[in-house]
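Colleague: I am new to this structure and would like to learn how to read its features. Could you walk me through a few of them?

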Amino acid sequence: MKIFLVPNYQKSEAVQSGLTLELWLSRQGYEVAWAADQKSKIAAEPDIDGSDLVISLGGDGTLLRAVRIVGSREIPILGLSYGHLGFLTAASPEERDILPVVADALAGELHVSRRATIHCDVYSVDERGEEHAISAFGLNDIALTRGPLSDMVEFDISVSGHHIDRLRGDGVVVSTATGSTGYALSAGGPIVSPEYTGLVCVPIAPHTIQARAFLTSPSDIVEVTMSHDRPSVPAIAVDGRFLTPTGVVERLVSRRGEADVLLLDYGPESFYNSVSRVFYGVRRDD
């Protein structure tokens, strides 16, 4: 059985816990591989194929890196929190001894939370008038925002071919249910149960009091088309990582991803415990 570790190399406690885990796992006959890091001695990304479990040691950013490494393989991911937020993680050293948590994961005793992902295609046109397309997927969200010129963006938003509105503002976030507690929430969107598999569309600082967030069905396609009446240069980020389209962005097409992400936790109540802890400041022992 192969275990893949994805630590936050900037946090010494996360790396030290990874070393402890490697020793413990190796003694039990497990093969252990580490994700690459530029500041470590590991120069290239090890092969994740054949891994039975991925363990993220860090915050939500580290877990999102683990998601990118896993891609569409649907390998279970166990998040151990050593970060500032840790909303997506199953446990932290402050709450539990991590070795029993990992043992529970290896024994198949943890709950598998199947999280819908989001896929996007970004279409742009270069100086010669040729169209280009780049694709990306994420666990949290896709954000189209005003770019380096800091000018508001104007765009049309449609769902499965049905025009919803033309908006002006700082942009729009299209998120999964998992991403509803991230950028979408900061922009005024709702907190959505991770069992929901549609998309959440939230305008960012719209220049109107009528624009509202809305949810789509799992099969819907959300299309954002840039307005030619008010040209602008937007920035597009997937899970906080900026894409670099070739030329001028024309439209952004988002849909539910083909593969889900498998997060391990202690049951559906883990989500609501995290909501209570992170957003309302309520501790479990209160």
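This is a predicted model: local features need pLDDT of at least 70, side-chain atom pairs count only at pLDDT 80 or more; totals for chains, interfaces and linings use all residues.

Colleague: Let's begin with charges. How many salt bridges does the structure hold?

Modeller: The general idea is that side chains of opposite charge can pair when their charged atoms come close. Here the structure holds 13 salt bridges.

Colleague: Take Arg 73 as a case: with which residue does Arg 73 form a salt bridge?

Modeller: The partner is Asp 49, with the closest N and O atoms 2.7 Å apart. Arg 73 sits in the loop between helix H2 (60-70) and strand E4 (77-81), while Asp 49 is in the loop between strand E2 (31-34) and strand E3 (51-58), so the pair ties together parts that are 24 residues apart in sequence. Arg 73 is partly exposed, at 39% relative accessible area, and Asp 49 is partly exposed too, at 43%.

Colleague: And what do the side chains of Arg 114 and Glu 74 meet in?

Modeller: They meet in a salt bridge, at 3.3 Å from N to O. Arg 114 belongs to strand E5 (residues 111-115) and Glu 74 to the loop between H2 and E4, so this pair links parts that are 40 residues apart in sequence.

Colleague: Is Asp 229 buried or exposed?

Modeller: Asp 229 counts as exposed, with 64% relative accessibility, because the cut-off for exposed is over 50%. Arg 166, at 36%, counts as partly exposed. The side chains of Asp 229 and Arg 166 meet in a salt bridge of 2.9 Å, N to O. Asp 229 lies in the loop between strand E14 (222-226) and E15, and Arg 166 in strand E10 (residues 162-169), so the pair ties together parts that are 63 residues apart in sequence.

Colleague: Now for open spaces. Which strand gives the largest share of the lining of the second largest pocket?

Modeller: That is E8, with three residues. Strand E8 (141-146) and strand E15 (234-238) each supply at least two. The pocket has a volume of about 150 Å³, and its lining has six nonpolar, four polar and two charged residues.

Colleague: How many cavities of 30 Å³ or more does a search of the whole structure find?

Modeller: The search finds one. The largest cavity holds about 30 Å³ of space. Its lining residues include Phe 87, Arg 115 and Phe 271; by class, five are nonpolar, two polar and one charged.

Methods. Residues are numbered from 1 along each chain as its sequence is written. Side-chain values use heavy atoms; hydrogens and water are left out. On a 1 Å grid over the protein atoms alone, a cavity is a set of points where a 1.4 Å probe fits but cannot get out, and a pocket is an open set with protein on both sides within 12 Å along at least five of seven lines; lining residues have an atom within 4 Å of a point. Grid points are joined across faces, edges and corners, and a volume is the space filled by probe spheres set on the points. Helices (H or I, at least four residues) and strands (E, at least two) are DSSP runs, numbered from the N terminus. Ala, Val, Leu, Ile, Met, Phe, Trp, Tyr, Cys and Pro count as nonpolar, Asp, Glu, Lys and Arg as charged, and the others, Gly among them, as polar. A salt bridge is a side-chain nitrogen of Lys or Arg within 4 Å of a carboxyl oxygen of Asp or Glu. Buried means under 20% relative accessible area, exposed over 50%, partly exposed in between (1.4 Å probe, protein chains only).
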